[in-house]
Amino acid sequence: MNKVLTGFQVLIFFAWILMNSTSVFAVEPDEVLNDPKLEERARGISKNLRCLVCRNESIDDSNAELAKDLRLLVRERLVLGESNKEITDYIVSRYGEYVLLMPAFGWSNLLLWLCGPIMLVFGSIIAFWSFKNKTHTSNIPLSEKDEQRIKDILKD
Amino acid sequence: MIIELGHLALILAFSLSIVQLIVPMIGIKYKWSNLIRLSGPLASFQFLLTFISFGALMNAFITSDFSVKLVVENSHSLKPMLYKISGTWGNHEGSMLLWVLILTFFGFLVACFGSNLRTDFKARVLSVQSAIASCFFAFILFTSNPFERYSIAPLNGHDLNPLLQDPGLAFHPPFLYMGYVGLSMSFSFAIAALMEGRVDAIWARWVRPWALLAWTFLTIGIAMGSWWAYYELGWGGWWFWDPVENASFMPWLVSGALLHSAIVLEKREILKNWTILLAILAFSFSLIGTFIVRSGIITSVHAFATDPTRGVFILIIIFLATGGGLTLFAFRSKKITSKNTFSLVSRESALILNNLLLVVSAFVVFIGTLWPLFADLIFGKKLSVGAPFFDIAFTPFFIAIAIVLPVGASLAWKRGNLGRTMIALWPALILGISLGSIVWVMQTGGRMMAPVGVSLATWLICGSIGDVWSRTRGNTLRIKIKRLLGLHRSDFGKFMAHSGLGITIFGIAAITAWEIEDIRIIKTGESFDVGSYNFFFKGVTNSSEKNYLVTRGEFIVKNNDKLIGTMLPEKRYYPIARMWTTEASIDQGITRDLYLVIGEEQDDGGWSVRTYLKPFANWIWFGALFMAAGGILSISDRRLRFSVGTTRASKVSFNE
C-alpha cells in the first residue's frame, strides 16, 4: 500500500503541472461579444453546429480547441454584419454538411424528415380501416373455468 | 480459482440454457409431461449458475484481483469500494454478464411464481427466454469473456473512467438493464402465445406487470442518467439526444405503448395482435439499443470496423429475435382474433391513438439515431443528426400525446361520451389555457416553449386530478372521500404516472425557456450578481483526495442580502486515468437551482466562472420519479399480483 501511495505522490507532482494547462470550459469569458443581441445570435448559430472532433456535441457545448476556433469564426463574421444563414453556409462550405446538427430538408433527407408524419398518417388509416372491418369470428374454445377467470378479470 | 469457477458456472449456465431451449419443447410436442416439468428447475439452476458466475467476477473486483484482465482494465486498488463494486458492470463484459443475470433472474421468477400459468405455456415462455439467454451466453463466452486472465499479474489497474465514478451512475446501468430485460419477458410471452395461437385476458394480465416493470425501471434508469449528466458534465445539460440516450429512450416509448395496449387487451379482449406486435417491437428496440451502445457503430463507424465481431454478433441476435418474431407473427396472427367492438369515441380509440403516437415518436428517434449510418451507406454522405433535429421532429408528437392524454384517460370504455367526460376536465382545460396565456403575456422573449409547456403541464396534472375526483361520485364530501380511498392502487398509479409526466414537461419547459447564464472572469475578493443572487468569491484551495486531485473554489451566495450559503465548485484531476472532471456546485431549490462551475485560472490571477440560474430544474427528475412511483403502485395492485385468488382451482383445470 505504501509503495502505491508514493507512486501516487509522484503522479500528483506531474498532475499539478498538467492542471494549469487544460481547459474545462465551453464558451470562455473572453470570447463573449459585447453586444448582447449579437452574442445571443452567436449562441443560436453555435448550437446548430457540430464540434467536428467531439461526440455528438455542438460547438457551443464543447471545450475542444477546434470548437473554440469555430465559435470565434462565427463571432467574427457576426461582427462583420453577416446574416445567420450566410455564416452557416460559409461554415458548411468549409467543413461539409457533417457540421450541421440538423440536416437540411432536401431530397436525400426526405425520409428522415417525413417518416414521422407519414407513419402517423398511414397508422391512422390502418387503425381506422381495421376499426371498420372488425371481424366477428370466435376463438378456440376455452374450458369453462378459463372463461370464468376471463370474466372475473374483465369485471374488475 | 474462484475466477475459474465463475467461468465454469457461466459455461454450465450456457449449456443449461440450450437444454432448456430444446428439451421442454420436445416434451410439449410429444406430450411427455416429465420433460415439460424440467423447465422450472432448469430455469432456477440457470439463474443460480449465472449468479455464481457474476459473484465470482464481483469478488475479483472487490479484492482487486489483477490477474483478471477486466479488473486491470477497469479498476484500481485505490478506488473507493462502491466503485470497485460498480466497476463490475461499468464495462462491456461485466455489463453483458449483468444483462444475462437479470434475464435468468426473471426466468427464475416465472418458474417460481408462475403457478397459475398452464404448465406447457409456462414451459414455452421459459424456452423462448432461454433462447435469448443462450444467444447472450454465447455472445459473452465467444466475444467478450470477462474471465480472461493474465499469466503475470500487473501491480495495479488502469482505473474506471472517472466520469463514471459517481453514485448516480454506479446504479444507472442496473436499472436500465432491468428495463431492457423486463421487455424480454413480454417478448417471450408474446412468442409463446403465437406458438399456441391463443391470446386472452389471462395472457394480458401476465404481460402487463412485465411491461410495467420494464417501463418503471427504464423511467428510473433514464432519469438517473439524465440527472448524472446534469450535475457531472459541467454545464447543466440534462438531455443530449445522444445515440446512447436514445437507445434507452426508444424502448421506454414503446414499452409505454405496450403497457397501455395490454390494458386494453386485459379489459376488453381486443388489440390482441397489436399487443403481440408491440411486445416484439419493444424487445427489438432494447436489442437495437444494446447494439448501438455495445458496437459503438453510431459514434464511430470506424470503431465498429476495427472489431466487428461483437457488433455482428448482436446484429445476428437482433435478426433472429426480431426477424423470427415477426415471421411467426405473420404466419400466426390471423389465428388470433378479437370479438368485441367499440365506438369511435371510447377509451379504446384513445388508447390506440396513444399507441400510435408513442410508436411513431419512437420511430422518429430511431430514424434520427440511425440516419447518419443510412446516409453514409446509401448516399455516401457524412452528416450529423443532433439535438436541434430531435427537438423539432420529436416534440410535436409528444405535445399531441399530452393533449389527448387527459381526455383519453377519463373516457368510458366501449362507448364514450365526450361531453360528459369533459365535465370533469373543463376546469383543467380553462386553468391550463389561462396559465399559459399569463406566461405568454408576461415573458418578454418570443419563445413559445414556456407558455405551451405550462399549459400542457397544468392540463395533465389538473386533468388527472379531475379524472380521479370524477370517479368519486357521491353527494356528500364524506362519501366522496370514502370512494376515493376505495379506488384501486392502479388508479392511483395511473394518476401519479400521468401527472408525473405533467411535472416533467413543466420542468423541461421552464429550464429551456427561463434559464439565465453568466460567464465571467473573477478575482479573489470580488463579487458579482446573477438575477437577484450575489456571489462573493473567497478564493481557491488545492488539495489531494484518495484517487484524485482537486481545485476548489469558495463562493458565498446571498439572495437580496439574505445569506444562502457557501458553494464549492471543483475541478478534479484523476492522475491514473489522466482525466479532468468538473464538479459543479449546485444549490438545489424547489423553484430554482443555482449552478456554479469553476474553470481555468487566467494569466492575471482571475478565474473563469460560469453561473446558471436553472428554474424548476428538479421538477424534471421529480416528475420522472413520480411516474416511476406510479408504475410501482400499479404493479402492487392486488389485481395484478402473480398469484390471484383463483390460482389453485385453475391450476387443476389447466393440468387436466
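Student: Let's start with A:E39: is this residue buried or exposed?
Tutor: A:E39 counts as buried, at 8% relative accessibility, where buried means under 20% relative accessible area, exposed means over 50%, and partly exposed lies in between (1.4 Å probe, protein chains only). This is a predicted model, in which local features need pLDDT of at least 70 and side-chain atom pairs count only at pLDDT 80 or more, while totals for chains, interfaces and linings use all residues. Residues are numbered from 1 along each chain as its sequence is written, chains are lettered from A and ligands numbered from 1 in the order in which they are written, and side-chain values use heavy atoms, with hydrogens and water left out.

Student: Okay, and which residue forms a salt bridge with A:E39?
Tutor: The partner is A:R75, with the closest N and O atoms 2.9 Å apart; a salt bridge here is a side-chain nitrogen of Lys or Arg within 4 Å of a carboxyl oxygen of Asp or Glu. A:E39 lies in helix α2 of chain A and A:R75 in helix α3 of chain A, so the pair ties together parts that are 36 residues apart in sequence. Helices are DSSP runs (H or I, at least four residues), numbered from the N terminus, as are strands (E, at least two). A:R75 is buried as well, with a relative accessible area of 2%.

Student: What about A:E31, what does its side chain meet?
Tutor: The side chain of A:E31 meets that of A:K68 in a salt bridge, at 3.8 Å from N to O. A:E31 sits in the loop between α1 (2–19) and α2 (36–47) of chain A, whereas A:K68 is in helix α3 (residues 65–79) of chain A, so this pair joins parts that are 37 residues apart in sequence. A:E31 counts as buried at 4% relative accessibility, while A:K68 counts as partly exposed at 23%.

Student: How many salt bridges are there over all chains?
Tutor: The count comes to 31 salt bridges over all chains. There is also a network of salt bridges that links A:R43, A:K47, A:D60, B:E517 and B:R610.

Student: Moving to chain B, what does B:R268 pair with?
Tutor: B:R268 forms a salt bridge with B:E348, and the closest N and O atoms are 2.4 Å apart. The pair links distant parts of the chain, since B:R268 is in helix α11 (residues 243–268) and B:E348 in helix α15 (residues 347–379) of chain B, 80 residues apart. B:R268 counts as buried at 9% relative accessibility, and B:E348 counts as buried at 0%.

Student: Which residues gather in the patch of positive charge?
Tutor: On the surface, B:R420, B:R473, B:R478, B:K482 and B:R483 gather in that patch. Patches are made of residues with over 30% relative accessible area and no salt bridge, like charges being joined within 9 Å and nonpolar side chains (Val, Leu, Ile, Met, Phe, Trp, Tyr) within 5 Å. Lys and Arg count as positive and Asp and Glu as negative, with His and the chain ends not counted, and a charge is placed at NZ of Lys, CZ of Arg, CG of Asp or CD of Glu. Helix α19 (residues 477–485) of chain B gives the most to the patch, with 3 residues. B:R478 lies in helix α19 of chain B and is exposed, with a relative accessible area of 73%.

Student: And which residues form the nonpolar patch?
Tutor: A:F105, A:L114, A:I118, A:V121, A:F122, A:I125 and A:I126 form it on the surface, with about 690 Å² of accessible area together, computed by the Shrake-Rupley method with a 1.4 Å probe, where for residues only the protein chains shown count as cover. A:I118 is found in helix α5 (residues 110–132) of chain A and counts as partly exposed, at 41% relative accessibility.

Student: New topic: how many of the residues of α20(B) are buried?
Tutor: In α20(B), 19 of the 26 residues are buried, so this helix is largely enclosed by the rest of the structure. The 26 residues of helix α20 (residues 489–514) of chain B should span 38 Å at 1.5 Å a residue, and the end C-alpha atoms are 37 Å apart, which agrees; the expected span is 1.5 Å times one less than the number of residues.

Student: Last one: where does B:W241 lie?
Tutor: B:W241 lies in the loop between α10 (201–232) and α11 of chain B, where B:W241 has a positive phi of about 55 degrees although it is not a glycine. B:W241 is buried, with a relative accessible area of 8%. B:L271 has a positive phi too, of about 60 degrees, although it is not a glycine, and its place is in the loop between α11 and α12 (272–295) of chain B.
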